[in-house]
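Subject: Handing over the structure, with notes

Dear colleague,

Please find the structure below, followed by the notes I would like you to read beside it.

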Amino acid sequence: MPPRAVFVAGAGTEIGKTYVTAALTRRLRERGLPVETVKPLASGVPPLHDPGFAESDTARLLDAQDIALDAEAVETCSPWRFSAPLSPDQAAILEGRSLDLADLVEWCRARIAGTPGTLLIEGVGGLMSPVTATATGLDWLRALDIPALLVSGSYLGAISHALTACETLRRYSVPLRAVVVSESPGAPAPAGTVAASIARHAGAPVVCLRRGEACPGSLADLIVT
Ligand SMILES: Nc1ncnc2c1ncn2[C@@H]1O[C@H](COP(=O)(O)OP(=O)(O)OP(=O)(O)O)[C@@H](O)[C@H]1O
Ligand SMILES: C[C@H](N)[C@H](N)CCCCCC(=O)O
Ligand SMILES: [Mg+2]
């Protein structure tokens, strides 16, 4: 029975969460599985009319779902958007806004309840990056009580970052479906070698995704079975 929802957490920021989430979305859709994908809270997102919007997480995730870019689609995918490419709590301050974890959790719960298949939720930054003035991504994930998919890079240092995140998830009894190692540009070791190192300690299946690669079927299996 596929899970109602999966939270895509990061061992860090800008390491491949959106790439992996989009690739997984495409693979599940190819299989005819009902999947919806959201990035409820996003920083570094220019306004829709800005040419840079096409590079945003929101635009990439909508594209993976073959949803045309318009204001309603953007709001439905990412209701909390901030322009500054900073931690969301800091980006919110710059816009004179604030965000409450309870609202974020309530929105996600409603989306999970209203999604006929599986809802993929991309988090923000790393697992413990702040999402509000008082809460981290881990608080958000724990409140949702759904399994995680952890995305890691393969840069030097990624092994420790990934294992620290795995350990943190274990400490709080968050089920970890899989770790995905998304190959980092210019990494000194092959991504497969990094993935094998992580696999020796992670206590969860580890899948490697090389640059430009599509989502392997094995990852889709780990998520929906
Ligand atoms: N396996 C990969 N193959 C090709 N490009 C990749 C891969 N993984 C990541 N990238 C690219 O690296 C950049 C950063 O990745 P991505 O945007 O997915 O990171 P992120 O973890 O979602 O960042 P954020 O914390 O901002 O949400 C993007 O340009 C993305 O397309
Ligand atoms: C702008 C960036 N790409 C992300 N959207 C936000 C990353 C926040 C990281 C905060 C931190 O953990 O230090
Ligand atoms: Mg992203």
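Helices here are DSSP runs of H or I with at least four residues, strands are runs of E with at least two, and both are numbered from the N terminus. Just after helix α2, D66 takes a positive phi of about 55°.

Before going further, please keep in mind that this is a predicted model, in which local features need pLDDT of at least 70 and side-chain atom pairs count only at pLDDT 80 or more, while totals for chains, interfaces and linings use all residues. Residues are numbered from 1 along each chain as its sequence is written, chains are lettered from A and ligands numbered from 1 in the order in which they are written, and side-chain values use heavy atoms, with hydrogens and water left out.

Within α2, the residues T58, A59, L61, L62 and A64 are buried, where buried means under 20% relative accessible area, exposed means over 50%, and partly exposed covers what is in between, with a 1.4 Å probe and protein chains only. The cover over these buried residues of α2 includes α1, β2 (35-38), β3 (41-43), α3 and β5, and it is judged by contact, meaning heavy atoms within 4.5 Å.

The magnesium ion (ligand 3) has T18 (OG1), D57 (OD) and E122 (OE) as its protein donors, at 2.0 to 2.2 Å. Donors are N, O and S atoms within 2.8 Å of the metal (3.2 Å for Na, K and Ca), and since water is not among the atoms, sites may look incomplete. Along the sequence, the spacing of the donor residues reads T-x38-D-x64-E. D57 belongs to helix α2 (residues 57-64) and E122 to strand β5 (residues 118-122), so this pair ties together parts that are 65 residues apart in sequence. D57 is partly exposed because its relative accessibility is 21%, whereas E122, at 1%, counts as buried.

Two helix pairs

Two packed helices are described by the angle between their axes and the distance between the axes. The axes are lines fitted to C-alpha atoms, for helices over the stretch in contact, and the angles run from 0 to 180 degrees between N-to-C directions.

Helix α7 (residues 158-171) packs with helix α8 (residues 191-202) at an angle of about 25°, and their axes are 10 Å apart. The two are therefore roughly parallel to each other, given that angles under 35 degrees count as roughly parallel, over 145 as roughly antiparallel, 65 to 115 as roughly perpendicular and the rest as oblique. On the α7 side the contact is made by A158, I159, A162, L163, C166 and R170, and on the α8 side by V194, S197, I198, H201 and A202. These residues divide into eight nonpolar, two polar and one charged, with Ala, Val, Leu, Ile, Met, Phe, Trp, Tyr, Cys and Pro counted as nonpolar, Asp, Glu, Lys and Arg as charged, and the others, Gly among them, as polar.

For helix α5 (residues 101-114) and helix α6 (residues 137-144), the axes come within 10 Å and cross at roughly 45°, which makes α5 oblique to α6. Here L101, L104, V105, C108 and R109 of α5 meet D139, W140, A143 and L144 of α6, and the residues of this contact divide into seven nonpolar, no polar and two charged.

Buried residues in a strand and in loops

F82 sits in strand β4 and is buried, with a relative accessible area of 1%. F82 and A42 are 40 residues apart in sequence, yet their C-alpha atoms are 6.3 Å apart in space. Beyond its neighbours within four places in sequence, F82 has contacts that include L41, A42, P88 and R97.

S78, in the loop between α3 (71-77) and β4 (80-82), is buried at a relative accessible area of 0% and touches K39, P40 and T58, again not counting residues up to four places away in sequence. T115, in the loop between α5 and β5, is buried at 3%.

Positive phi in exposed loops

E14 has a positive phi of about 55° although it is not a glycine; it is placed in the loop between β1 (5-10) and α1 (17-30) and is exposed at 77% relative accessible area. S173 also has a positive phi of about 55° without being a glycine, and this residue, in the loop between α7 and β7 (176-182), counts as exposed at 63% relative accessibility.
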